[in-house]
Each structure stands twice: as C-alpha cells, then as structure tokens.
Amino acid sequence: MELTKFGHACVRLEKDGRRLVIDPGGLSDPGALEGADAVLVTHEHFDHFSEEVLRRAAEARPGLRIWTNSSVASQLDGLGARVTATGDGDAFTAAGFDIRVHGAWHAVIHPDVPRIPNIGFLVDDSLFHPGDALTVPEGPVGTLLLPVHAPWSTVGDLIDYVREVAPRDAYAVHDGALNDIGTAMVEGFLGERGPGLPALYRRLAPGASARIG
C-alpha cells in the first residue's frame with residue numbers, strides 16, 4: 001500500500017484504487033479526503049477530528065464511510081449508517097482494508113485533566129496508528145505511525161514504546177507543533193544517533209508518500 005502524510009497526525013493509505021484516511025483534523029490538509037472511500041478517527045481532539053471537514057467530505061462523496069469511537073460518532077449525527085461506532089477488540093473492513101481496533105483511552109496528560117476515549121487502528125495486520133496513546137497492539141506490526149511530539153509523552157517514552165512494539169519501520173506523525181529545531185532534536189534521539197531502536201525511523205514531509213508493506 002502507499003502511505004501519504006497530510007500534516008500532523010493525518011495519513012492516507014491507498015491500495016487497489018481505494019483510499020483510507022486516518023485522523024483528518026484541524027492541523028492537516030483537507031485535501032487528504034479528496035477521493036476518500038473511508039475515514040478512521042481515533043478521538044475527538046481538534047488536531048485529529050474536524051466535524052466541519054468530515055461533513056463537507058461526506059456531502060461531496062455519498063459513499064464515504066466513517067468509523068470512530070462513540071464519542072466522536074455522537075458528534076456526527078445526521079449521517080446515519082455512514083458512521084459506525086467501534087471500540088477495542090472490534091474488527092471490520094473499510095474500503096477493502098482489514099481493520100482491528102486496539103486501546104480505549106487517551107494517554108494521561110495530567111491527573112487533573114479528564115481522559116477521553118481514544119482508539120488505535122491496525123490496518124491489514126501491518127500498519128498501526130495509535131492516535132494519542134502508546135497502545136501496544138497484539139501481534140507483529142510492520143509499520144508504526146509514531147506520535148513524536150505531545151504534552152503526554154517524553155522522548156524516553158517513545159524509545160521504550162518503539163522497542164516494545166518492535167516494528168520494522170517507524171514513521172513520525174503528531175509533529176505539527178514542532179519547528180525545524182524540534183524536529184531535528186527528536187530525530188537525533190530516534191534516528192541512528194540515538195540509543196537504538198529496533199526500527200528504521202523516518203519522517204515524511206506533508207504531501208510526501210512511501211510504499212509500505
């Protein structure tokens with residue numbers, strides 16, 4: 001399949017002429033949804049979910065289907081059966097991609113900040129998008145979409161997470177708030193100069209693509 005990054009946490013996967021988009025939020029290019037057949041949303045934070053953008057895409061493409069948690073699904077009322085609420089342990093097919101759902105909660109930011117639901121998606125038993133959590137899915141992962149910058153993690157957390165998941169490749173996501181200096185600092189720890197990962201760390205610029213699988 002082909003992986004294209006559309007800024008921050010949003011990616012598009014293409015296979016056999018079908019397009020699956022994950023987390024088209026307020027910091028990503030709305031063009032990610034052009035020609036999309038299905039959308040997955042991990043949670044309700046604005047940088048992962050834009051109700052306006054999704055409703056506009058649904059209006060433009062009557063066949064578009066959306067899978068997300070019940071909290072986000074409740075904000076998309078009026079779209080009827082085109083929106084499906086899903087959760088940890090579920091499995092389904094979206095636009096020809098086999099999806100397994102892992103996790104239930106957003107990572108802890110602070111004990112005083114209420115947690116919200118968050119689910120991760122394993123696509124074709126190969127690529128995993130955890131949303132805003134460091135969920136470890138069952139079974140092997142070939143490509144991990146790694147949230148490299150967030151108020152709920154440290155670089156040490158990321159190193160331990162990649163070591164535990166042990167993917168072949170780790171692609172940076174959730175980096176929309178990093179400037180060039182921050183990006184270079186993260187790469188210094190997660191790349192070849194760091195303490196060592198079981199995966200090749202890569203970062204795609206917005207709009208760039210890579211073949212995976």
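**Briefing: strands, sheets and an aromatic pair**

Strand β4 (residues 38–41) and strand β5 run parallel and are joined by four bridges. The model is predicted, so local features need pLDDT of at least 70, side-chain atom pairs count only at pLDDT 80 or more, and totals for chains, interfaces and linings use all residues. Residues are numbered from 1 along each chain as its sequence is written, and side-chain values use heavy atoms, with hydrogens and water left out. Helices (H or I, at least four residues) and strands (E, at least two) are DSSP runs numbered from the N terminus, and two strands pair if DSSP finds at least two bridges between them.

- Together with helix α1 (residues 51–60), β4 and β5 make a right-handed β-α-β unit. A crossover is right-handed if, with the strands pointing away from the viewer, the path from the first strand over the helix to the second runs clockwise.
- Strand β5 also pairs with strand β6 (residues 83–85), in the parallel sense and over three bridges.
- There, Thr68 has Ala85 of β6 opposite.

**The seven-stranded sheet**

- An open sheet is formed by seven strands in the order β7-β8-β9-β10-β11-β12-β13, with mixed pairing.
- Its edge strands, β7 (91–94) and β13 (200–202), each pair on one side only.
- On average, neighbouring strands of this sheet are turned by 25° against each other, direction ignored.
- Helix α3 (residues 155–165) packs on the sheet and touches β10 and β11 (143–147), and its direction makes about 165° with that of β11. Contact means heavy atoms within 4.5 Å; axes are lines fitted to C-alpha atoms, for helices over the stretch in contact, and angles run from 0 to 180 degrees between N-to-C directions.

- Strands β7 and β8 (residues 97–102) run antiparallel and are joined by four bridges; Ala94 stands opposite Phe97 in β8.
- The hairpin of β7 and β8 has two residues between the strands, and Ala95 takes a positive phi near 55° in this hairpin.
- Four bridges also join β8 to β9, again antiparallel, and Arg100 has Leu122 in β9 as its bridge partner.
- Strand β9 (residues 120–123) is joined to β10 (residues 127–129) by three bridges, and these strands run antiparallel. Here Leu122 stands opposite Phe128 of β10.

**Aromatic rings**

- The structure holds one aromatic pair. Rings of Phe, Tyr and Trp (its six-membered ring) pair if their centres lie within 6.5 Å; planes under 30 degrees apart count as stacked, over 60 as edge-to-face and the rest as tilted.
- The pair is stacked because the rings of Trp67 and Phe92 have their centres 5.1 Å apart and their planes at 10°.
- Distant parts of the chain are linked by this pair: Trp67 lies in strand β5 (residues 65–68) and Phe92 in strand β7, 25 residues apart.
- Both Trp67 and Phe92 are buried (under 20% relative accessible area with a 1.4 Å probe and protein chains only; exposed is over 50%, partly exposed in between).
- The charged end of Lys15 sits over the ring of Phe97, 4.6 Å from its centre. This description applies if NZ of Lys or CZ of Arg is within 6 Å of the ring centre and within 35 degrees of the ring normal.

**Asp175**

- Asp175 is placed in the loop between β12 (169–173) and α4 (180–190).
- With a relative accessible area of 4%, Asp175 is buried.
- Not counting residues up to four places away in sequence, Asp175 touches Lys5, His8, Val148 and Arg203.
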